[in-house]
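Welcome! Take a moment to look over the sequence and the 3D view, and then we will walk through some of the contacts together.

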Amino acid sequence: MKIVVCIKQVPRSDSVKIDPKTNNMVRDYVEGVINPFDKNAIEEALRIKDQLGGEVILLSMGPDGFMSSLRDGLAMGADQAILLSSRAFGGADTLATGYLISQAIKKIGGVDLVLLGRQAVDADTGQVGPIVAEYLNVPQVTFAEELRFVDEHTLYGQRLLDGATQSVQVTLPAVVTVRSELNTPRYETPVNIQTSFEKPIDVWTEHDLDLDATRIGQAGSPTTVQKVYAPKRESRQTVQLSDDSATAVKELLARIRN
């Protein structure tokens, strides 16, 4: 079983910066972590490997700084990692990103299952997984909260939707995006952290893939950000009510009526 897990490094919430000229997020030199949902995808891949054997390959797109997240994924137990990194890939929207990732998966070859987190917490679009599935022309399961193999070629998935669940079966190869309800990601052990530095991280540029230059980076991104602005900060007067609950209720009602 060959499993590719697509991961994204997202900035810590207190270190987000926007380029005022391009309106794109600045990812160089920004401290980041693995997108939380992607850790669930890594965990599920490792569980499947434990059950059925095979290998787990991490795949990410971004600057060299993203290697830290790939190392974290290797420390969880993944076998190898690939970073798609080039200035030519910069400014990509979800369509260009999905195209690039799908081409990388084709180059890896023989992939049975592609796992991704349900969405990235820095954008919340949830679009890359379905786009990758469409480019690969394989079935997809999104928002999976349960996965199990019916046989070596058939995967059962339960999708958790707003107010409903849906059960589906797909034939491999397939693409699956997972929810946090699926599992609890394992911790990185000291031994795995040490051995992670012995595992390879390959860096692929546009010269290593069969790409249409008009479909990558900003050139291949029909989505544009017209304006980025920070919400206005408003200071408001606060009033502390009495510690006695009965008195506090009377004070609150008095203020509401006024």
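## Leu 115 and its surroundings

Let's begin with Leu 115. Leaving aside its neighbours within four places in sequence, Leu 115 is in contact with Ile 3, Val 4, Val 5, Cys 6, Ala 41, Glu 44, Ala 45, Leu 147, Val 176 and Val 178. Keep in mind as you explore that this is a predicted model.

Which residues have the most contacts inside the largest nonpolar core? They are Val 5, Leu 115 and Val 176, in a core of 32 residues. Strand 1, helix 1 (36-52), strand 4, helix 2, strand 5, strand 6, strand 7 (140-151) and strand 10 (174-178) each supply at least two of the core's residues. Helix 1 gives the most, with five residues.

## Strand 1, covered on both sides

Now find strand 1, which spans residues 2-6. Is this strand largely enclosed or open? Five of its five residues are buried, so the rest of the structure largely encloses strand 1. You can check each face in turn: Lys 2, Val 4 and Cys 6 are buried on one side, and Ile 3 and Val 5 are buried on the other.

Strand 1 also has partners. It pairs with strand 4 (residues 55-61) in the parallel sense, over five bridges, and Val 4 has Ile 57 as its bridge partner there. Strand 1 runs parallel to strand 6 (residues 113-117) as well, joined to it by four bridges. In strand 6, Leu 113 is the bridge partner of Ile 3.

## Rings and charges

How many aromatic pairs does a search of the whole structure find? The search finds one. The pair is formed by Tyr 99 and Tyr 135 in an edge-to-face arrangement, with 5.5 Å from centre to centre and 65 degrees between the planes. Tyr 99 belongs to helix 3 (residues 94-108) and Tyr 135 to helix 4 (residues 128-136), so the pair ties together parts that are 36 residues apart in sequence. Tyr 99 counts as buried because its relative accessibility is 5%, while Tyr 135, at 24%, counts as partly exposed.

Charged side chains meet rings too. The charged end of Lys 107 sits over the ring of Trp 204, at 4.4 Å from the ring's centre. Arg 148 lies over the face of Tyr 156, 4.1 Å from the centre of that ring.

## A closer look at Asp 79

Our last stop is Asp 79, in the loop between helix 2 (67-76) and strand 5 (80-84). Asp 79 has a relative accessibility of 26%, so it counts as partly exposed. Not counting residues up to four places away in sequence, Asp 79 touches Lys 49, Gly 54, Glu 55, Val 56, Leu 74, Lys 199 and Pro 200.

The side chains of Asp 79 and Lys 49 make a polar contact at 2.7 Å. A polar atom of the Asp 79 side chain also lies 2.7 Å from the backbone nitrogen of Val 56.

Conventions
Residues are numbered from 1 along each chain as its sequence is written. This is a predicted model: local features need pLDDT of at least 70, side-chain atom pairs count only at pLDDT 80 or more; totals for chains, interfaces and linings use all residues. Side-chain values use heavy atoms; hydrogens and water are left out. Buried means under 20% relative accessible area, exposed over 50%, partly exposed in between (1.4 Å probe, protein chains only). Contact means heavy atoms within 4.5 Å. A polar contact is a pair of N or O atoms within 3.5 Å; within protein, one must be able to donate a hydrogen and the other to accept it, and residues adjacent in sequence count only if both atoms are side-chain atoms. Two strands pair if DSSP finds at least two bridges between them. Rings of Phe, Tyr and Trp (its six-membered ring) pair if their centres lie within 6.5 Å; planes under 30 degrees apart count as stacked, over 60 as edge-to-face and the rest as tilted. A charge sits over a ring if NZ of Lys or CZ of Arg is within 6 Å of the ring centre and within 35 degrees of the ring normal. A nonpolar core is a set of buried Ala, Val, Leu, Ile, Met, Phe, Trp, Tyr and Cys residues joined through side-chain atoms within 4.5 Å.
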